[in-house]
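Dear colleague,

I am passing on the structure below, together with some notes on what turned up in it. Please read the notes with the coordinates open beside you.

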Amino acid sequence: MRAHRPSRELPRHLDRLYAGFPFQRSYADDPISEVRPLAVDLRHAEVAGVFASTLAIGNTTAIRGAIGRLARLADGDVAKLVDPDWAGERARRLRGFRHRWIRGDQLDRLGSVLGEYYARHPSLETAFLGGLDAGGFASGLDALARVLRGDDGAGGRARRPPRGYVALFPSPLDPGRSPAKRLTLFVRWMVRSGYPDLGRWRRVPTGELRVPLDQHVHWIAYHLGLTARRSRSWGAVEEVSEALRRIDPIDPVRYDFVLCHTGISGDCPKERDLAVCGPCSVRPDCLLWRGKGTAA
Ligand code: SF4
């Protein structure tokens, strides 16, 4: 049976992958390239980040398109989406909005919930930190999920949330132990100041971050021995994050963008293909190649 551990050489090979990575190519393809121009201050960064990460379902072209449509709908000023004085216009403009299974009425609810939250708190960092301090990162995400679901009655106590709304914000503390990829991605954007992230939250240490475990990151993390779990669960998130933290305790998720876009871009075929895998920096660590030299 294969030893499911990262090789001792992995840190050096990951650094080589990172150093040679075409960041500009993948930045243009990533949802963050739509979020960054909207994030002119903390409030705009949070609002753009929450809506964009909520829409981060499907392929990156469609996600960037959905974020762009939402921004145009708010005349380029995403803070309008949480402005109670603009609520009627927001609901009217969002009517008919659709991205995959996410509907305009759900985004309208999110605008109401955030508007009520911001009437009482300056930043979502407050909610996240409350959970983080009480029970660690998963509790921080849980606190955020509760805010966004409107568990405290935000969004209109008398009005039931639209169908499917609450399910948009899974928490790792829910019975399903969701990997909560989209909320984890939002927190990465807010906390990390290293490229390409926004670094608007200053009180959460980068060493606390967890990796947003999408299917690409999970595939490569499994094959680099960073987790032995074949299913994407919160347990896998913790395992991969801990393995990366042993490599870089200060900024463990700095490899996330590179691992994710190695998959998205097709740089990694997810199978043994000597023509593509030949120049891959982590080929000696990849379970598909370990101990097999260069034989196809
Ligand atoms: S060696 Fe090939 S399959 Fe393995 S991670 Fe690199 S590109 Fe992907």
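The model is a predicted one, in which local features need pLDDT of at least 70 and side-chain atom pairs count only at pLDDT 80 or more, while totals for chains, interfaces and linings use all residues. Residues are numbered from 1 along each chain as its sequence is written, and side-chain values use heavy atoms, with hydrogens and water left out.

The ligand sits in the largest cavity, where a cavity is a set of points on a 1 Å grid over the protein atoms alone at which a 1.4 Å probe fits but cannot get out, and where sitting in it requires more than half of the ligand's atoms to lie within 2 Å of its grid points. Around the ligand are Trp219, Ile220, Asp267, Cys268, Pro269, Glu271, Cys277, Cys280, Arg283, Cys286, Leu288 and Trp289, each with a heavy atom within 4 Å of it. This shell divides into nine nonpolar, no polar and three charged residues, with Ala, Val, Leu, Ile, Met, Phe, Trp, Tyr, Cys and Pro counted as nonpolar, Asp, Glu, Lys and Arg as charged, and the others, Gly among them, as polar.

Turning to the helices (DSSP runs of H or I, at least four residues, numbered from the N terminus), the axes of α7 (residues 104–120) and α8 (residues 124–135) come within 9 Å and cross at roughly 85 degrees. The axes are lines fitted to C-alpha atoms over the stretch in contact, with angles running from 0 to 180 degrees between N-to-C directions. The α7 helix is therefore roughly perpendicular to α8, a label that covers 65 to 115 degrees. Leu114, Tyr117 and Tyr118 in α7 meet Leu124, Thr126 and Ala127 in α8, contact meaning heavy atoms within 4.5 Å.

For α9 (residues 137–149) and α10, the axes come within 10 Å and cross at roughly 105 degrees, which means that α9 is roughly perpendicular to α10. The contact of α9 with α10 has eight nonpolar residues, one polar and no charged.

Two backbone features deserve a look. The peptide bond from tyrosine 195 to proline 196 is cis, with omega near 5 degrees, and aspartate 75, though not a glycine, has a positive phi of about 55 degrees.

With best regards

Note on methods: Helices (H or I, at least four residues) and strands (E, at least two) are DSSP runs, numbered from the N terminus. Angles under 35 degrees count as roughly parallel, over 145 as roughly antiparallel, 65 to 115 as roughly perpendicular and the rest as oblique. On a 1 Å grid over the protein atoms alone, a cavity is a set of points where a 1.4 Å probe fits but cannot get out, and a pocket is an open set with protein on both sides within 12 Å along at least five of seven lines; lining residues have an atom within 4 Å of a point.
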